[in-house]
Amino acid sequence: MSELTYPEVGATRRGPLPAGYHHLRHTAPMPPGSFLVAAEAVLSWRLHRAAGVRMRTDAPRAAPGVRVTPGLGLGPLRVWGPCEVVWVAEDDREAGFGYGTLPGHPERGEEAFLVRCDAEGRVNFEVTAFSRPDRWFMTAAGPAGRAVQHGYARWLAHTLRRLSHQPTS
């Protein structure tokens with residue numbers, strides 16, 4: 001049974017993003033012809049792990065209902081954020097997932113990671129999120145917390161570009 005308790009579950013997929021939250025939309029171009037490699041990196045958690053995020057998960061790939069707990073930071077300063085995958089896209093033009101935060105996460109909301117290939121073959125990586133602080137230290141961080149979230153989206157895009165130039169093993 002899901003512990004997701006907010007009415008906006010799935011808004012990163014179907015839109016619009018709900019009011020009362022900070023919104024993030026970041027789009028970055030990927031190398032031509034990289035759709036399949038980028039898609040697999042996103043869906044298999046490889047992107048997050050290559051970006052330095054510790055991933056505790058109960059499945060090797062994103063699927064609705066899968067629990068995943070990303071850990072950001074170093075050593076005892078690592079912050080863990082339990083989430084549940086709420087949607088997955090996987091076809092010849094889109095691949096990715098969105099997860100919603102669970103109790104214990106420092107924020108409340110949802111974040112999505114999606115690779116798209118348009119009709120001309122251009123590949124883009126998109127991070128979409130809505131969130132608000134749910135723990136005291138995120139409230140205290142104020143605008144710095146939002147800056148970290150934007151920096152994280154840019155870092156994921158940089159990492160996915162790097163992975164998209166490498167063959168999978």
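A search of the whole structure, which is a predicted model, finds five aromatic pairs. A pair of aromatic rings is described by the distance of the centres and the angle of the planes.

**Aromatic pair Tyr21 and Phe130**

- The ring centres of Tyr21 and Phe130 are 4.9 Å apart and the ring planes stand at 75°, so this pair is edge-to-face, the angle being over the 60 degrees required for that class.
- Because Tyr21 lies in the loop between helix H1 (11-14) and strand S1 (22-29), while Phe130 belongs to strand S8 (residues 123-133), the pair ties together parts that are 109 residues apart in sequence.
- Both partners, Tyr21 and Phe130, are buried.

- Trp45 sits in the loop between helix H2 (35-43) and helix H3 (46-50), and Phe97 sits in strand S6 (residues 94-101), so the pair ties together parts that are 52 residues apart in sequence.
- Trp45 is buried, as is Phe97, and both residues belong to a cluster in which ring pairs link Trp45, Phe97, Tyr99 and Phe113.

**Charge over a ring**

- Arg13 is placed over the face of Trp87, at 5.0 Å from the ring centre.

**Second largest pocket**

- The volume of the second largest pocket is about 180 Å³, and of the 15 residues that line this pocket, the closest to its centre are Thr12, Arg25, Arg116, Glu126 and Thr128.
- At least two residues of the lining of the second largest pocket are supplied by each of H1, S1, strand S7 (107-117) and S8.
- Sorted by class, the lining of the second largest pocket comprises six nonpolar, five polar and four charged residues.

**Cysteines**

- A disulfide is a covalent bond between the sulfur atoms of two cysteines, and a search of the whole structure finds zero disulfides.
- Cys83 has a relative accessible area of 1% and Cys117 has one of 14%; each of these values is under the 20% cut-off, which means that Cys83 and Cys117 both count as buried.

Conventions:
Residues numbered from 1 in each chain as written. Predicted model: local features only at pLDDT ≥ 70, side-chain atom pairs only at ≥ 80, totals over all residues. Heavy atoms only, no water. Phe/Tyr/Trp six-rings, centres within 6.5 Å; stacked < 30°, edge-to-face > 60°. Helix = DSSP H or I, 4+ residues; strand = E, 2+ residues; numbered from the N terminus. Buried < 20%, exposed > 50% of the residue type's maximum accessible area, 1.4 Å probe, protein only. Lys NZ or Arg CZ within 6 Å of the ring centre and 35° of its normal. 1 Å grid on protein atoms, 1.4 Å probe; cavity = no way out; pocket = protein on both sides within 12 Å on 5 of 7 lines; lining within 4 Å. Points joined across faces, edges and corners; volume = space filled by probe spheres on them. Nonpolar A, V, L, I, M, F, W, Y, C, P; charged D, E, K, R; others polar. Disulfide = S-S within 2.5 Å.
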